[in-house]
Each structure stands twice: as C-alpha cells, then as structure tokens.
Amino acid sequence: MNALLWLFNTVIQLYIYILIASAVLSWLVAFNVVNVSNPIVSQIGEFLYRVTEPVLRPIRNLLPNLGGVDISPIILILLLLFVQKLITDLYIQVAF
C-alpha cells in the first residue's frame, strides 16, 4: 500500500509540474519570447494543452471574468495539493 501512495503522490507532483510548464509556456508565447511556428515549441505546446485543458476548462467555466487573468492553474494546483494531503492523511490514519 505504501508503494501505491508513493505512486499517487508522484503522479500528482508530475501533473503540477506540467501545469506550471503550461503556464510558463503560455506567458513566453504571449510575450513573443518563443515562436509557436517552431515545430518543437508547437509540439510541446500542443502536448501541454491537450494534457491540461480538459481539467482546466471546467474550472474556467466556474470562475468569474477576471479581465484576462487566468487563475485556474493556481486553483487546480491548490486542489491537487489538498487531495494529495487528504489521501496521505487518510492512509496514515488507516495504516496506524
């Protein structure tokens, strides 16, 4: 059971890193630091979009319009950290 908890925590951490990478890439594209016509940047951007957008879209639909500021990744990261802590605490209570 300890290995499953480790795997669960690792998957959540990896997804948080992917969310951060997606947000950073969107800023770099918005400020013309990287060019999306570059095939590598385009592939990385497409991958990050396909992995994060299905989870972020429902959160964006619930949030009010904040005038171009997207806080949905922050909310999702907080939710993921909460679920990670909750599962870890439940495992500790059941195991001991």
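On a 1 Å grid over the protein atoms alone, a pocket is an open set of points where a 1.4 Å probe fits, with protein on both sides within 12 Å along at least five of seven lines. This is a predicted model, where local features need pLDDT of at least 70, side-chain atom pairs count only at pLDDT 80 or more, and totals for chains, interfaces and linings use all residues. Residues are numbered from 1 along each chain as its sequence is written, and side-chain values use heavy atoms, with hydrogens and water left out.

The largest pocket comes out at about 520 Å³, a volume being the space filled by probe spheres set on grid points joined across faces, edges and corners. Its lining (residues with an atom within 4 Å of a point) runs to 26 residues, with Ser22, Ala23, Ser26, Asp70 and Pro73 nearest the centre. By class, the lining splits into 17 nonpolar, six polar and three charged residues.

Now for two single residues. Val24 sits in helix H1 and, at 34% relative accessibility, counts as partly exposed, that is, between the cut-offs for buried (under 20%) and exposed (over 50%), taken with a 1.4 Å probe and protein chains only. Asn61, in helix H2, is exposed at 63%. The C-alpha atoms of Asn61 and Ser72 are 9.5 Å apart, with the two residues eleven apart along the chain.

Technical notes:
Ala, Val, Leu, Ile, Met, Phe, Trp, Tyr, Cys and Pro count as nonpolar, Asp, Glu, Lys and Arg as charged, and the others, Gly among them, as polar. Helices (H or I, at least four residues) and strands (E, at least two) are DSSP runs, numbered from the N terminus.
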